[in-house]
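Student: I would like a close look at one part of this model. Please keep it brisk.

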Amino acid sequence: MKEENKQIVFTGALSLDDLYKATRYQWTIRRKYPLTYLSIMVPAMSFILYNAFKDESTSQQSAIILTAITVVIGLVGGVTILYFLTKKRIKTLYELSPSAGKEATHIINDLGIETEMINEGVQWYEWSDILKSYEFSDMFLVYVNAIVVIYIPKYFFETQEEVKAFSTLLSQKTTFKTR
């Protein structure tokens, strides 16, 4: 990475593991939506299941135990299935994407972010185009919009000072959060 005239240049290629981490970080950012859904659905489903299990032949205690077991199995099974389906989806998208795993050069300056890929072209984003950015322990996520995210692992940088310079520039130019 070079820093000349407030310009930061770094190069790297995203790996499949980087995309797994980025997806996990995006879930961290958007965690309020699934938590809201769960906080509504678990009590509602528990009530429905309890009433379904509760009849003349079962006691209240048996109905509560059956309801709790069913809810736990449903939650654990649902989370497990979601985890494996998400990993499969990420891997498929990574394998199908023509630019996946290719080295990209990122040039950041006072005007915006430029991403250059050999045989893929150049993408330019002005700072005003960027919605928000996040810094995690090993990666930056820069949201251009709700769908387009620029993933920048910290190992793309050569030194820790370069990471700090990039972090400072993001905090000055975007809505920036550290997680």
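Tutor: Serine 133 is found in strand β6, residues 132–135. Helices (H or I, at least four residues) and strands (E, at least two) are DSSP runs, numbered from the N terminus. This is a predicted model: local features need pLDDT of at least 70, side-chain atom pairs count only at pLDDT 80 or more, and totals for chains, interfaces and linings use all residues. Residues are numbered from 1 along each chain as its sequence is written, and side-chain values use heavy atoms, with hydrogens and water left out.

Serine 133 counts as buried because its relative accessibility is 0%. Buried means under 20% relative accessible area, exposed over 50%, partly exposed in between (1.4 Å probe, protein chains only). Leaving aside residues up to four places away in sequence, serine 133 touches Leu141, Val142, Leu170, Thr174, Thr175, Phe176 and Lys177. Contact here means heavy atoms within 4.5 Å.

Now the nonpolar cores. Each is a set of buried Ala, Val, Leu, Ile, Met, Phe, Trp, Tyr and Cys residues joined through side-chain atoms within 4.5 Å. The largest has 20 residues; Ile8, Phe10, Ile108, Ile152, Phe157 and Phe166 have the most contacts inside it. At least two residues of this core come from each of β2, β7 (139–143), β8 (149–153) and α4 (160–173). The most come from α4, which gives five. A second, separate core has 15 residues, including Ala22, Ile29, Met139 and Val149.

Strand β2 (residues 7–13) also holds valine 9. Valine 9 counts as buried because its relative accessibility is 18%. From valine 9 to phenylalanine 156 is 147 residues in sequence and 9.8 Å in space, C-alpha to C-alpha.
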